[in-house]
Amino acid sequence: MTYESAAADDDGFAEYAVAAWPRLVRTAQLLTGDFHEAEDLVQTTLAKVYGRWRRVPRGEIDLYVRRSLINNNLSRIRRKRVVHLLTPVLPESLRHTSAGHAEAVEQRTSVLQALADLTARQRAVMVLRYWEDLTELEIASVLNCSIGTVKTHARRGLAALRAHPRLATAAANAAAPVLPPPLPAPSGARR
């Protein structure tokens, strides 16, 4: 089989994969917490989707791929095949001297750490809701669960993120210089 005939047989899969790759990798990175694991997860997902490509309804391709991505991530976590090691220092090529960039990197690291501390289902709901901007109904469809379950995971996930020590510290550090000093009490006010 020649390359041209193989490309003609894929029914638009190659075009879809090329167009969706950046979005899927960003979503997977938020799910896994690591760029390289995210690329592996997306590659595995697209390989599995390719095997079923002709049977996927054309109107539900994004739903099917998102569901596959989430399910593959959950399977990856369940198997515990990957030991996740965080690098304490960023590689030299990613360091910049700008203070604004350093704060953005620190905030992003804090958010990724807080997401990593959530359960896999809570993390999936958070990513799909606030990164992919899906509705609760769409998330329920992707995760194959009820809307109530999505709302519960979202509520518990947000509570965990708000209580996470790294995010609370980052928010306090960011807000400290911006907050005005307390107003003095009026002289005639009761105490």
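Reader: What volume does the second largest pocket have?

Author: A pocket here is an open set of points on a 1 Å grid over the protein atoms alone, with protein on both sides within 12 Å along at least five of seven lines. Grid points are joined across faces, edges and corners, and the volume is the space filled by probe spheres set on the points. For the second largest pocket that gives about 330 Å³. Keep in mind that this is a predicted model, where local features need pLDDT of at least 70 and side-chain atom pairs pLDDT 80 or more, while totals for chains, interfaces and linings use all residues. Residues are numbered from 1 along each chain as its sequence is written, and side-chain values use heavy atoms, leaving out hydrogens and water.

Reader: Which residues lie nearest the centre of that pocket?

Author: Lining residues have an atom within 4 Å of a point. There are 14 of them in this pocket, and L30, V111, L115, Y130 and W131 sit nearest its centre.

Reader: Which helix gives the most to the lining?

Author: Helices are DSSP runs of H or I, at least four residues, numbered from the N terminus. α5 gives the most, with 5 residues. α2 (13-32), α5 (99-116), α6 (120-131) and α8 (147-163) each supply at least two.

Reader: How many of the lining residues are nonpolar?

Author: Ala, Val, Leu, Ile, Met, Phe, Trp, Tyr, Cys and Pro count as nonpolar, Asp, Glu, Lys and Arg as charged, and the others, Gly among them, as polar. By that sorting, the lining has 10 nonpolar, 2 polar and 2 charged residues.

Key: 1 Å grid on protein atoms, 1.4 Å probe; cavity = no way out; pocket = protein on both sides within 12 Å on 5 of 7 lines; lining within 4 Å.
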